[in-house]
Amino acid sequence: MRPLFPVFCRPLGYLILALSLIIPFLLFISGSLTDSNLLFYKECIKLLMMMGALLILFAYNKKEAPATLEIRNKATRNAMFITVFIVFSMMFFKVFNGDAVSVDQSSFLTFLIVNIICLEFGIKKAQADSMFKR
């Protein structure tokens, strides 16, 4: 996975993620969030979160190294396995409890967030390994 966006898109992605977490509370406090438009705002917030996560994933790092490409690929692979495990666990738990209610699992958003966590962990681990090699 090659980076597509410039370096400033990483902090911008984190800013968008932070705003998407704060916006529902602000809408509720202002009284704009009602039962009739809840689904619309929920989907808009999920799209904002996906956009922020994609900006983080596809942006260059400040210290971009050839090893970063491998770290991105490993993070994506690990995120796929973890996301499948999370979605499978949620489905199994739902079947085990006998719940027939359909729950929105947002598996793509879960994948993106897990991918960001794996990517950040891999980058920090590579930085720590390079510091201890000296």
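1. Helix 1 buries C9, R10, G13, I16, L17, S20 and L27; buried here means under 20% relative accessible area, exposed over 50%, and partly exposed in between, with a 1.4 Å probe and protein chains only. Helices are DSSP runs of H or I of at least four residues, numbered from the N terminus. The cover over these buried residues includes helix 2 and helix 4, where contact means heavy atoms within 4.5 Å.

2. On provenance, this is a predicted model, in which local features need pLDDT of at least 70, side-chain atom pairs count only at pLDDT 80 or more, and totals for chains, interfaces and linings use all residues. Residues are numbered from 1 along each chain as its sequence is written, and side-chain values use heavy atoms, with hydrogens and water left out.

3. Helix 1 runs over residues 9-30, 22 residues in total, and its first and last C-alpha atoms are 30 Å apart, close to the 32 Å expected at 1.5 Å a residue. That expected span is 1.5 Å times one less than the number of residues. At I22 helix 1 bends by about 30°, and a proline, P24, follows within four residues. The bend is the angle between axes fitted to the seven residues ending at a position and the seven starting there. Just after helix 1, G31 has a positive phi of about 85°.

4. The largest nonpolar core contains 18 residues, and those with the most contacts inside it are L17, M49, L57, L112, I116 and L119. Such a core is a set of buried Ala, Val, Leu, Ile, Met, Phe, Trp, Tyr and Cys residues joined through side-chain atoms within 4.5 Å. Two or more core residues come from each of helix 2 (38-57), helix 3 (66-97) and helix 4 (107-133). Helix 4 supplies the largest share, eight residues. Leaving aside residues up to four places away in sequence, M49 touches L17, S20, L21 and L109. Of these, L17 and S20 are also among the buried residues of helix 1.

5. The structure holds zero disulfides, taking a disulfide as a pair of cysteine sulfur atoms within 2.5 Å. C9 is buried, at a relative accessible area of 6%, while C44 is partly exposed, at 30%.

6. For helix 3, the 32 residues should span 46 Å at 1.5 Å a residue, and the end C-alpha atoms are 47 Å apart, which agrees. The buried residues of helix 3 are T68, I71, R72, A75, T76, A79, T83 and V87. Helix 2 and helix 4 are among what covers them. Just after helix 3, G98 takes a positive phi of about 75°.

7. There are four aromatic pairs, counted when ring centres of Phe, Tyr and Trp (its six-membered ring) lie within 6.5 Å; planes under 30 degrees apart count as stacked, over 60 as edge-to-face and the rest as tilted. F88 and F92 are stacked, because their ring centres are 6.3 Å apart and their planes lie at 15°. F92 and F96 are also a stacked pair, 6.3 Å centre to centre with 20° between the planes. F88 and F92 are four residues apart in helix 3, about one turn of the helix, and F92 and F96 also lie four residues apart in helix 3.

8. F88, F92 and F96 form one aromatic cluster. F88 is exposed, F92 counts as exposed at 52% relative accessibility, and F96 is exposed at 65%.
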